[in-house]
2 protein chains.
Amino acid sequence: MQMALIKLTLAYDGTRYSGWQVQPNGVSIQTLVQRALETILRHKIQLTGAGRTDAGVHAEGQTAHFSTDSPLPLSRLRLSVNALLPPDIRILEAIEVPQGFHARYSATGKIYHYHLALSPDPATRLYRTPLFGPLDLDALKAAARTLIGTHDFAAFANAAHKGTAAHDSIRTLRRLDVIEEKNGLRLEFEGTGFLYKMVRNLTGTLLEVGKGQRPPDSLPALIATRDRKQAGPTAPPQGLFLMQVLY
Amino acid sequence: MQMALIKLTLAYDGTRYSGWQVQPNGVSIQTLVQRALETILRHKIQLTGAGRTDAGVHAEGQTAHFSTDSPLPLSRLRLSVNALLPPDIRILEAIEVPQGFHARYSATGKIYHYHLALSPDPATRLYRTPLFGPLDLDALKAAARTLIGTHDFAAFANAAHKGTAAHDSIRTLRRLDVIEEKNGLRLEFEGTGFLYKMVRNLTGTLLEVGKGQRPPDSLPALIATRDRKQAGPTAPPQGLFLMQVLY
């Protein structure tokens with residue numbers, strides 16, 4: 001059999017997991033998917049994701065790749081693996097891609113959504129972060145507009161990915177839409193790539209603007225500091241969804 | 001101190017519980033709320049809900065009442081009890097009501113929503129029931145219209161509430177709206193009251209119509225049989241929300 005390169009698109013509820021990637025404590029989503037694939041394919045594989053998501057972060061469009069020489073049809077593979085996986089992890093699509101494709105390095109961008117609830121709601125508490133107190137939506141939207149573009153986002157990167165050279169933390173934020181939902185708010189981020197915890201740090205900082213703790217026009221100066229300590233807190237993981245990896 | 005009658009409005013995620021009411025197995029929501037109230041009030045209370053919800057069923061507007069002679073302000077009571085309750089149960093409102101009010105007997109109606117997802121989605125799997133295969137929405141809507149009104153709904157009642165006399169199972173369904181959502185469907189039921197598992201049995205039967213397994217004009221004849229065995233299956237609890245108890 002010839003080796004085929006397979007691209008998976010996955011959705012998961014991150015609540016029960018230590019994140020996408022293998023971690024010392026807790027079960028990772030990658031581990032469970034890899035194990036289920038190996039059981040069905042009957043050979044070892046190396047599953048490579050487009051990027052890690054942290055504990056509690058969800059996905060509606062994570063991607064990953066692996067190679068196999070199994071003759072099993074892909075639609076059958078998807079159904080069989082889903083039958084083995086717990087219901088909070090689903091393979092949405094399995095397709096063959098040309099040799100050379102790489103889930104991480106071939107990606108041209110990513111879309112994340114961050115969900116906020118205007119009041120605490122038991123049934124969405126693991127998927128939306130509750131907002132306490134009033135929020136100045138116009139200020140939040142004005143501040144969001146100043147983040148769009150190509151910047152050195154070091155001030156919004158937690159340690160793990162923080163580069164020493166300036167160019168390591170330059171990213172392009174193509175879109176940051178603030179969308180009002182029933183009893184809530186959705187922040188849509190689309191960019192070429194995101195630094196470690198960047199979406200949650202941007203969200204935490206924008207919420208400070210919305211609460212009047214930071215002027216809406218203050219973010220360009222904050223970006224210029226490249227200092228994580230100057231930005232707002234990391235918003236909780238529960239509201240964050242990796243929606244799509246663009247290729 | 002004079003005795004005050006207090007009405008609570010509650011929201012909860014039913015996933016972890018055996019339901020509202022005390023059950024032989026598992027923890028009930030009523031037990032946890034009653035225990036938390038007794039801890040804060042420092043006296044025993046009798047907490048009476050508007051009705052039971054089954055294991056896995058959620059609420060955004062369950063109501064309950066109890067009496068107390070505590071001088072504690074109600075806003076303070078609500079915050080203190082919420083601090084003791086797990087995050088999947090919240091008291092949304094606590095107000096004093098006139099003597100004679102009864103959470104169940106004073107109710108003039110209830111609103112339930114049933115959520116359906118067009119495809120399996122890990123992050124909403126506990127709150128929406130996935131639909132498999134195509135659905136004829138027009139047929140489902142036409143069938144829903146024939147259910148509105150005052151009928152003997154015995155064919156849609158599971159054993160626990162099934163009356164022997166005809167009048168025991170007569171209810172008025174004031175409204176049954178079929179609303180299309182992003183990647184899903186919401187059935188909104190408003191009625192004077194609902195028999196045991198009636199909303200889930202109506203939903204299971206309407207889904208059979210939507211799947212072409214039952215003609216859209218067949219429900220009046222089904223109602224006339226008063227025979228539970230003639231109706232469709234009980235839809236899973238996960239999609240069901242008690243939204244509001246009307247007074």
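**View 1. A:Lys197, a partly exposed residue with positive phi.** In this predicted model, A:Lys197 reaches 24% relative accessibility. Buried requires under 20% and exposed over 50%, so A:Lys197 counts as partly exposed. The residue sits in a chain A loop, between β9 and α4 (198–210). Its phi is positive, about 65 degrees, yet A:Lys197 is not a glycine. Most residues other than glycine have a negative phi.

**View 2. A:Asn183 in the loop between β8 and β9 of chain A.** Strand β8 covers 170–181 and strand β9 covers 184–191. A:Asn183 lies in the loop that separates them. Is A:Asn183 buried, partly exposed or exposed? Relative accessibility is 34%, so A:Asn183 counts as partly exposed.

**View 3. Strand β10 of chain B, mostly covered.** The strand takes in residues 240–246. Of its seven residues, six are buried. Two pairings of this strand follow in the next views.

**View 4. β3 of chain B alongside β10(B).** Strand β3 spans residues 58–68. How do β3 and β10(B) run, parallel or antiparallel? They run parallel, and two bridges join them. B:Ala59 has B:Leu242 of β10(B) as its bridge partner.

**View 5. β5 of chain B against β10(B).** Strand β5 holds residues 109–117. Its pairing with β10(B) is antiparallel and extends over six bridges. Look for B:Lys110: opposite it in β10(B) stands B:Val245.

Technical notes:
Residues numbered from 1 in each chain as written. Chains lettered and ligands numbered in written order. Predicted model: local features only at pLDDT ≥ 70, side-chain atom pairs only at ≥ 80, totals over all residues. Heavy atoms only, no water. Helix = DSSP H or I, 4+ residues; strand = E, 2+ residues; numbered from the N terminus. Buried < 20%, exposed > 50% of the residue type's maximum accessible area, 1.4 Å probe, protein only. Pairing = 2+ DSSP bridges.
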